[in-house]
Amino acid sequence: AVLALTLLFYFQSENSDKSSAESDSETEPEQASVYHKLLATLKTSPESESEDDDDDDDDGESESEEAGESGTEVDSEEYQENEEVEGGEEDENDMPDKEATAEQTLGEEQADGADVSCDTSHGVIEEFTDVKHESEFSLENNFMEEESGDHDADERRSNPFKQHMDKEMEEKEVEKMSTLSKSSSQIKWPRLGQLTFSSTLEKQKTLKPDKEVDMKQLHLHKPLEVTWPKVNKQLLSSLNKSYDSCFTPLQRELFYIMNTYRDLFYPESTALTNGEEIRLAYCLHALNHVLKANAQVLSNNAKRRDRKPGIDTDEYRDQGLTRPKVLMVVPFRECALRIVHNLISLLEVNSDKKIDVSNKKRFKGEFGSNPEEKPPNLKRPEDYEAVFAGNIDDHFRIGVAILQKSMRLYAPFYSSDIIIASPLGMRTVIGAEGEKKRDFDFLSSIEILIIDQADVYLMQNWEHVLHLMKHVNLLPLDSHGVDFSRVRMLNLNNWSKYYRQTLLFSALPDPQINSIFNKHCFNYMGQVAVRNIPQIGSISQVVVQLPHVFRRLEVESLTSVIDRRFQFFIDKVLPEYRDAIMSHTLIYVPSYFDYVRLRNYFKKEELNFVHICEYTKKGGICRARRFFLKGEKQFLLLTERFHFYKRYTIKGIKNLIFYELPTYPHFYSEICNMMKATDSGVDATWTCTVLYSKYDAQKLAAVVGIDRTAQMLQSKKNVHLFITGEN
């Protein structure tokens, strides 16, 4: 049974075609573009955040008292006028509030003479690019410094960067990659666990990371050999971790794969536990790649300058069609701040040799955060605090140019080596078909694509990620002043995507994230995916005693799941809860479009309900919670993204329905444990019902564990589990 389940997991990973746009005919027109605006650039003031927390103070005050506080922004007359409202008003322009904590800064500010004016509220900032330092950071006009190189013959032969980029593919190999399926093999590593290696061209080799790391064998660029152990030790000490080696076991195995230039999917990266050590590891790899690529160009500049006239120049093909080599996609400005901090630290050999960073003060002002912005009474889970630390504006993009011992922030994209951006930041510059002002030529020669915290984009707008992937490594529409005699043949042949390495990090193996890895990664070196199946589910963290009933949907295909679930719910599940005795029923809905469909159906049937989503205004949220607690409304529809961004405790729950299994497995136990917030204590009539299908194997295993999942998928009967808080 476990073997069959494993095969099903693999099948789901390879065939994850589930669309993130689960639209239906009942979706209201004004909500058609809601994903486009979620968490764009608006940020509430510290005062309103503090008021919001007064609303959510669950320690002593009742919901009715909470409703009367100033934080609700609704006075008593409005309550009287809206007593019959079935939930909070929803406004596309009312973005979920963002609570933040200050975490890291860049350290010393550097006065570089640049314009440092910025919007301290981290709102909409007029885009700035540094044109002042263009000539200083031009690859064409500079030459290699003697002490910076590592260009001896042995180094060139064994250098993973050179081996990967200098391989000359043939047309028949490209044709094979387009037509043949990948062969795969599995191996278990000490720290990463179960790995799946897949490739079309490369023969499967048994890869094993070295137990002891020899810095020389990593072929790092010269300064990184010195700075990495020091920087990583400082990071680990700040995280209260200590290891004898210069790499942690996780970093060692991840960097080993990165350094082979294979694609990598690691679905166990969380901001709370291992996010920082993973971020530093991929910063090392990206910086090593950029330094080696630029060193090659600068070295060839000197050779071209000194060559005799008439000598063939094909040996100097060392560039792409555009300069940007690395694209890092991260969800918030705080993530970009930490990446730049890592890059600077890795470039500074010692405290006496500070590198020159242009526009550092401006960057700190626009990407940093103010510790005073944190509301004093904010109480949220640790994982929430880790994800939403610092400046959490999600609309940004910045170019970074690196030349030997200097770094240029806010470099124009066509003069940048690294681009750090959010999906929304990329979406607004790429534009859409038919728009006059759009640009994506700078993505034509991306050699390393890093997508970090991919699970967060499921809560933002996954369409932006898909849109970005469709525009990476396309032939540029303009030459942008490139010297074609220096362009690699792989770029001229439009084969860049076969050389691009993609590093994908997520907190969970969602089908939509799997789809990115399976359908948009074409690296000729192959792919490596971590495929660990959870043995113990999050249901073990439920501390409330209640029966859990898992009701299985019988579906014929993946495309029919959405409609079948809705029909099953209104025909089989909802009638059992219409009776007045089944009051205080919370319905948890992961998909916003399913939420709209249910809301419209409830209105049509004139059911006694309230609803809360990520677009509900603060006053509406407070009213809905109060009505639900007092029993004035029988049902409460709640979206997953509201819970992701707010983590409010909903009081008064007696019956719980998971319309679909949660995206994050720990949300299951969080929602169930909200029942203990009810003043009456444990109630023998509490219930929990979960809808699932055979296509929910991954989510189901994350909630109930692998063994129970195997049994539940074999059986076509409903499964009843009783959790005592100990098992």
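**Figure 1. Strands β1 and β2 pair in the antiparallel sense.** Strand β1 (residues 183–189) and strand β2 (residues 193–199) are paired over seven bridges, where two strands are said to pair if DSSP finds at least two bridges between them. Helices (H or I, at least four residues) and strands (E, at least two) are DSSP runs, numbered from the N terminus. A hairpin of three residues joins β1 to β2, and Ile187 has Leu195 of β2 as its bridge partner. Residues are numbered from 1 along each chain as its sequence is written, and the model shown in every view is a predicted one, in which local features need pLDDT of at least 70 and side-chain atom pairs count only at pLDDT 80 or more, while totals for chains, interfaces and linings use all residues. Side-chain values use heavy atoms, with hydrogens and water left out.

**Figure 2. Strand β10 is covered on both faces.** Five of the five residues of strand β10 (residues 501–505) are buried, so this strand is largely enclosed by the rest of the structure; buried means under 20% relative accessible area, exposed over 50%, and partly exposed in between (1.4 Å probe, protein chains only). In a regular strand the side chains alternate between the two faces of the sheet. Gln501, Leu503 and Phe505 are buried on one side of β10, and Thr502 and Leu504 are buried on the other. Strand β3 (residues 263–266) runs parallel to β10 and is joined to it by three bridges, with Tyr266 partnered by Phe505. Strand β9 (residues 448–451) also runs parallel to β10, through four bridges, and here Ile448 has Gln501 as its bridge partner.

**Figure 3. Helix α9 bends at Trp228.** The 17 residues of helix α9 (residues 222–238) should span 24 Å at 1.5 Å a residue, and the end C-alpha atoms are 26 Å apart, which agrees; the expected span is 1.5 Å times one less than the number of residues. The bend at Trp228 is about 35 degrees, and Pro229 follows within four residues, the bend being the angle between axes fitted to the seven residues ending there and the seven starting there. Among the buried residues of α9 are Leu224, Trp228 and Leu236. The buried residues of this helix pack against α10 (249–258), α11 (275–306) and α12 (333–347). Just after α9, Asn240 takes a positive phi of about 60 degrees.

**Figure 4. The largest nonpolar core has 155 residues.** A nonpolar core is a set of buried Ala, Val, Leu, Ile, Met, Phe, Trp, Tyr and Cys residues joined through side-chain atoms within 4.5 Å. Tyr282, Met407 and Met426 touch the most other members of the largest core. Helix α11 gives the largest share of this core, 11 residues. Domain 1 (179–205 + 217–306 + 315–372 + 380–530) and domain 2 (538–724) both contribute residues, so the core lies between them; these bounds come from an automatic or database domain assignment. Apart from this core lies another, of 28 residues, including Phe566 and Tyr595.

**Figure 5. Tyr601 sits in helix α21 (residues 592–604).** At 15% relative accessibility, Tyr601 counts as buried. Not counting residues up to four places away in sequence, Tyr601 touches Phe566, Ile570, Leu574 and Arg578, where contact means heavy atoms within 4.5 Å. Tyr601 and Ile570 are 31 residues apart in sequence and 9.1 Å apart in space, C-alpha to C-alpha.
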